[in-house]
Amino acid sequence: MKLASIVQEHEVSESDEDSEALLIASARAGDHAAFESLVRLHQDRIVGQLTRMTSSADVAEELAQEVFLKAYQSLRAFRSQSKFSTWLIRIAFNTAHTYFASSAFRSRRKEIEFSTEHEARDQGATEISETRQLVTAALSQLKPKFREVVVLIAIEGFSYEQAADALQLPIGTVSSRMTTALDQMRRIISRSTQL
Amino acid sequence: MKNNIASSDLHRFWKDELAQSDKVRVAQALENSAELRAEFESQRKLFEQLDAVRNVPARVSPDFSKQVLKKVNSWKKERLYMVRNISAIALSFMLLVSGVLVLGPKVSAQALSSALMYLEGSAGALMMLLCVPFALWAVLKKNLRLSAGFCTAALSLFFLRGFNSTFFSTKDVHIEQTGSAHLERQLPVYNDTRVSRSLEVISGMLERMADQKPADNRQRQPASAGTLSEPVQDLALGVESKDARRAATGKELVVPAFPRVFVERETSAYQPQSASVAVLSGERYGQYSENPRINVSENPVSTFAADVDTGSYSNMRRLIRQGMLPSPDAVRIEEYLNYFKYSYSNPSEGPFAVDYEIAPSPLETGRFLLKVGVKARQAQAVSDKGWNIVFLVDVSGSMDEPDKLPLLQQSLQLLARQMRPIDRIAIVSYAGAAGLRLASTSGADQANISRAITELSAGGSTNGSGGIELAYEIAKQNFIQGSVNRVVLATDGDFNVGTTSFDALMNLVEQKRRSGVTLTTLGFGQGNINEHNMEQLADQGNGNYFYIDSFREARKVLEQDMLSNFEVLAKDVKLQVEFNPTHVSQYRLIGFDNRKLNREDFTNDLKDAGEVGSGHSVTALYEITLSGSPLIPDALPALRYQDEKQAAAPVAKSDTRFQNELGILRIRYKAPDGDRSTQADFPLLSSKVSGEFKSASKDFKFAAAVAYFGQFLRQSQFARNYTLNDVNSLVQEAIAGDSDEARREFAQLVSDAKAISGQGGRALER
C-alpha cells in the first residue's frame, strides 16, 4: 500500500508536516541548527525503538547517534514523498541489524538474554511495570528479525501494511514472522509466570 | 495454526485491521471452534501486554542532539581530508606526468619522490591505479621511456607496504564511546614510515631506467619539501602540522620530519594523569607540568615512583649533536640525573642502601639541595640460572637507516656475545618480513645466533604472523623459573606488532607481565620515535625504556649495564620523603614530574611503580628551604570564608626523638615475583647539612649541574635566576680532573647547548 496511508495513520497535522519539510530542506542545505531540531523531534522515538530492540538504553543511544549520522549523510537521497520518520525507522532497523551481526553484540548476547536493564518507569502502576519487564525480557529472547516486527506492530502501533512497507518485506512474510513471534512470546511468558 | 487461522490473523482481527472478507472468515472460525476461542483469549492477554509497553518515554541523554552534531562534524572533517588528499594526489600526478613528458625522467623522479612523501597508504594505492592506464597507453604507443617509467612507478607502488597494510589490515580507531556500547569502526590510519624507503627505490629505478646514474646520496632529503610550491605544501600539511611548523620556526626545536597528511592523533587512555601529547612533526612526548615548590606545613610528604629510564638523556644528546635543543616536553630531569654513575656504597644488608648529601644551592641563594641516592644490591655477577630473552624487532622499511636497523644489529651482536650456554635468545621480527628469525637458541650456539642477526633486513611486504603474541609465546615456552624472562621490543616508533590498538597492546603487556615475562623497549632513529608510548609500554612491562642513539649507548645499555637493566632486583619501588617542619619549610622535587604518586599510593600494593635492577641506583634531587631561612614561603591568597590556620610557625611534634632529623626517606618495594610490599626507612639527619657548596662532593656538584641544565632545557620557571653560562661554569668545576667519559661528554653537551642557544659569546671578543 502506498506510504500515503502511513501519513494518515500517524496523526501528523499539515502544519507540522510543512515545518518539518522546511527543516529537512534547510538541513540538506547544510544548516546544522535545522538538523539538530530534526534530531530532537525524532530522537525519542528512534531511541525508544532501538531500546526495545536491543534491550539496552546505552547501546540504543549509541546506535541512534549512528542512525542520525547516516540520515545526515544520505539526506540528499531522501525523497519528500516518504515520511521522514518512516525513512528514519528503516535506517534504524538496518543499523540494528548491522549491530546484531557485529562481534560486539555477539559477546554481549549472553547478558542480553537475562537483561534487566530496561527499568520500569511508571512507579505508580506496579502491574504495568511488571508486565513491561516480562514483555521486555521475552522480547529480548527473540531473534532480531522477529523482534523488529513485534516492536513495530505491537508496540509502535504500526499496521501490518505499514510495517511491511517500513521493513521492505512482503506482508505475508511479516504475518508469518509475527505469528512465530507471538507464539514464542506466549511460551516464554507463560514459562516465566509459572515460576 | 488452528483452522488455518494464524496468530497474526487473530492479532489483526483484534486490531481490526482486516479487510471485510477476512474479518468475516475469522469471526466464523471463532464461532465454530471453542478451541480457537480459548486460544484467542490467551492471545488477547499477550496483545494487551504488548500494548501496555507502548508509549514508554525513552530515556535520552539531554545532550544527545549535540553528540549527533559532533559526529556529523567529524564525518565532515574526514570527508574534507579525503577530498584534500585526492587533490594532493591529482596535483602530484599532474606534476609527474608533466615531468615525464616535458622535463625528462630525472626531474619526474624527483617530482614523484616529493609527491610520494605526502602520500601514504591508500593514497599511494590510488596513485598506482592512476599509473596503470598511462602505462598501458605508453606501451601501446611504443614509447619505451614512458612505458618503462610508468610501469615501474605502478609496480613500485604496488609493492609499497602501505598499500598492502591499508587494505589488508587496517588499524581500529575507537570512536568516542558513550555508555557501555563498544562500536569499533575501521578507519585507515595514515602512517608515513613505510613510504620513505619505497620512494628511494622508485626514484632509483626510474633514474636507472632512463640510463641516468642513480643518486649516490641515499639519505633522506628533508629539504625536498621545498621543491613543491607553498600552496601545495599547505594543501598537504594538516592544520596541526602547520601550527607545529609555525612553532618550530620560532625556536630551535625538534628536527623537521616529513610533514604528514592528516594524521589521526592517537590519544593514550592509559596515563591516569590526563597527559596530552605534544605533536611535533612526528616525534611524540607526553606533557606534564613541573613540580611546584611546596610548603611543608601543608604537605610534608613527597611520594614518587622510582624510575631508572635514561631515554630522555640520550635523546637530548642526539638532538644537541645535531645542533638543536630538545623540546621542553622531552626533558625528564630525573633521567638526566640517573644517566650517570655516582659513588654510592653497596648495601650491607637488605636490598637497598641510602646515601644522601645536603649543601647550599650554587645558583639559588638561600636554598639548599638535598641529593638522595638509593643503591640496589648488586646481584652476583654470575647467577646459576640462565636468562630467557626474546627480541622483537621492527623490520619495516623505515628501519633501513644507518642509525636504525644496522645499529640494532650491532647491539644485538653485542648482547649475543654475552649469552652463556645456559642463556637462551630468540628473535622475532614484525612489520616487514615478519616471523620467527631465530628460534630460542642457547648461548653456546654463537654461530647461528650471529647468522640470524646478520640476516635481518628491513623492508619487504607485511606478511606472516610475526609479532608480539609470537614473541611472548616463545618466551613462555622457554620460561626459566626465578630468572630473567624478557621480551625486548626494538623499534623506531611503529607498534603494529599484531595488536589491534595501543590499548590492546598495553593490556597484553600487562597480562604477560603477570605471568612473569617482562618487557623492555629500545628506541632507535629519529623522526618517528614515540617516547611517550615506548615509556608507557616499558612501565607496563616492568622494564625500562632506552633510546639508543649510538653504538656507545648500545654498549652502555646492553653490555655495561646489562645486568641491572635486565635483572630486576625489586619491582614497584616507591620512594617517599617526609620532611620535618622543624628544619624544612619548603621543598621542591626536581624531575619525576610524571612519576608523582599520591600519599596513599605509597602503601597501596595495587599501584604500579618503577623497577630497579641489580646494582642500579636511583638519584633524586630536592631543592629545599630550611626553616628560619630569610626566604619567605610563597604566599597563598587569603581565604575569604575561613580563618587561615596559624601556619607561620610550623606545627612539629614535640617529640625530641626526631629533633636531629631533617626528614625521612621510606622505600617500599616488592620482590620480583612477589605481591606484598616491604618497607625500609632511612632517616635523613640534619647534622649532614654542609655549610658550603665548595666543600660538597664532586658527585653532588655534578648532579647539581645536571639538574640545573635540565631545568634550563625544560624552560622551568625555576630557571629564571640563572643562565646557561652559570651552568657551564658549574659543570666545568664539577668535572675538573675527572676522567669519567660520560661526564666529560655531558660538559661538552652543555657547551654545545650554550652555542645553540646563542649564549656562547663571540669568539673574537674573548
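Accessible areas here come from the Shrake-Rupley method with a 1.4 Å probe, and for residues only the protein chains shown count as cover. On that basis the accessible surface of chain B comes to about 34800 Å², with carbon and sulfur atoms holding 53% of that surface. This is a predicted model, in which local features need pLDDT of at least 70 and side-chain atom pairs count only at pLDDT 80 or more, while totals for chains, interfaces and linings use all residues. Residues are numbered from 1 along each chain as its sequence is written, chains are lettered from A and ligands numbered from 1 in the order in which they are written, and side-chain values use heavy atoms, with hydrogens and water left out.

**Chain B overall**

- Chain B contains 23 helices and 20 strands, where helices (H or I, at least four residues) and strands (E, at least two) are DSSP runs numbered from the N terminus.
- Of its 766 residues, 56% count as buried, a term that means under 20% relative accessible area, with exposed meaning over 50% and partly exposed in between (1.4 Å probe, protein chains only).
- Among contacts (heavy atoms within 4.5 Å) in chain B that link residues at least 6 apart in sequence, 77% join residues at least 24 apart.

**A helix pair in chain A**

- Helix α3(A), residues 32-54, and helix α4(A), residues 57-73, pack at an angle of about 140 degrees with their axes 8 Å apart; axes are lines fitted to C-alpha atoms, for helices over the stretch in contact, and angles run from 0 to 180 degrees between N-to-C directions.
- The two helices are therefore oblique to each other, given that angles under 35 degrees count as roughly parallel, over 145 as roughly antiparallel, 65 to 115 as roughly perpendicular and the rest as oblique.
- The residues that make the contact include F35(A), V39(A), I46(A) and L50(A) of α3(A), together with V59(A), L63(A), V67(A) and F68(A) of α4(A).
- By class, this contact of α3(A) with α4(A) has 13 nonpolar, 5 polar and no charged residues, with Ala, Val, Leu, Ile, Met, Phe, Trp, Tyr, Cys and Pro counted as nonpolar, Asp, Glu, Lys and Arg as charged, and the others, Gly among them, as polar.

**Where chain B meets chain A**

- In helix α1(B), residues 7-15, the buried residues are S7(B), S8(B), D9(B), L10(B), H11(B) and R12(B), and these pack against α8 (144-155), α9 (160-167) and α10 (171-193) of chain A together with α2 (20-32) and α3 of chain B.
- V53(B), found in the loop between α3 (34-52) and α4 (64-103) of chain B, is buried at a relative accessible area of 2%.
- Leaving aside neighbours within four places in sequence, V53(B) is in contact with R52(A), R132(A), V135(A) and I155(A).

**Backbone and loop positions in chain B**

- Most residues other than glycine have a negative phi.
- F592(B), which is not a glycine, has a positive phi of about 55 degrees; F592(B) lies in the loop between β16 (584-590) and β17 (610-613) and counts as buried at 0% relative accessibility.
- Q715(B) also has a positive phi, near 55 degrees, and sits in the loop between α21 (698-713) and α22 (724-735), where Q715(B) counts as partly exposed at 47% relative accessibility.
- G323(B), in the loop between α12 (311-321) and α13 (333-337), is partly exposed at 38% relative accessibility, and the C-alpha atoms of G323(B) and A755(B), 432 residues apart along the chain, are separated by 8.8 Å.
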